[in-house]
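Please look through the structure below with an eye to its helices, and keep it in view while reading the paragraphs that follow.

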Amino acid sequence: MLRQRLPVRPLSAADHDVALALCARDRVANAFVAARILEGSLRSSPGALLGHWTDGQLRGLAWVSANVVPVELDDEGVAAVASRIMRMRRQCASIFGPSAQVAGLWELLGPSWGPARAIRTRQPLLTTTTRPSSLGLALESDIRPARLDEVELVLPAAAHMFTEEIGYPPYFGSDRGYRASIAALIRAGHTFVKVEDGEVVFKADVGSLALGCAQVQGVWLHPRLRGRGLSVPAMASVVEQVLDGLADEVSLYVNDFNAPARATYDRCGFHEVGSFTTVLL
């Protein structure tokens, strides 16, 4: 009866399987939320995952924490979720995900949540299951998983990437929380780096891993090395290593105006399967 009275309600651990099955409808687009489910968020972050229910059936999801991320929401689900989270503006830093769902949420939330810092309207969602080596690409041999004792080396590169992409630093004052998130990725074997003379000059993270799909984020090459043709062999090496054992598909999304990155991903065998939108708050 509770599900009938409340079309949108927080999910619990009992909803794990049905929520994951919903994400599996499009494992590439829904990798972020699927990964949070598999990491145990239904227990560790109660209330962060909302479900939209119709006639007792789970129809859509929304991850609502520092980010709002919709999953398989139809128009009715978008409206119901927006109504539910209307007063939660202060805890959210962004809305991102499939373009139609994000556009629908922002149309309803924007008047009270805005103005946005920036809206990245079209971010092509790319994927590949092809090994770059099979395309004849050279692989950067020095790309490897970061070691846990290299958190101090990875942190400046990660912070530079974040600041370039978002427009403000990833932390103010203490870096404790940011350092912990970097350490968690490294501990899982999800951060790949190239180190030269005690400095990280390239890095990429598997930010989400679920349902056989690895979503790469935080790709960064040191500014002094850009324009030398180094990004393709570095990224190709990351894709090759991820396909070696972490997943059978590698995805990412990129700003459509970032021509150098688009060219790199095209060379590495990625192809477009959808479009994301990000609203930065």
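Helix α3, which spans residues 31-38, is mostly covered, since 7 of its 8 residues are buried, where buried means under 20% relative accessible area, exposed over 50%, and partly exposed in between, with a 1.4 Å probe and protein chains only. Those buried residues of α3 are A31, F32, V33, A34, A35, R36 and I37, and just after the helix G40 takes a positive phi of about 95°. Helices here are DSSP runs of H or I with at least four residues, numbered from the N terminus.

This is a predicted model, in which local features need pLDDT of at least 70 and side-chain atom pairs count only at pLDDT 80 or more, while totals for chains, interfaces and linings use all residues. Residues are numbered from 1 along each chain as its sequence is written, and side-chain values use heavy atoms, with hydrogens and water left out.

Further along, the axes of helix α5 (residues 75-85) and helix α6 (residues 99-113) come within 9 Å and cross at roughly 30°; axes are lines fitted to C-alpha atoms, for helices over the stretch in contact, with angles running from 0 to 180 degrees between N-to-C directions. Because angles under 35 degrees count as roughly parallel, α5 and α6 are therefore roughly parallel to each other. Where they meet, V78, A79, V81, A82 and I85 in α5 touch Q101, G104, L105, L108, L109 and W113 in α6, contact meaning heavy atoms within 4.5 Å.

G104, which lies in helix α6, is buried, with a relative accessible area of 17%. The C-alpha atoms of G104 and A82 are separated by 8.9 Å, although these residues are 22 residues apart along the chain.

Definitions and conventions
Helix = DSSP H or I, 4+ residues; strand = E, 2+ residues; numbered from the N terminus. Parallel < 35°, antiparallel > 145°, perpendicular 65-115°, else oblique.
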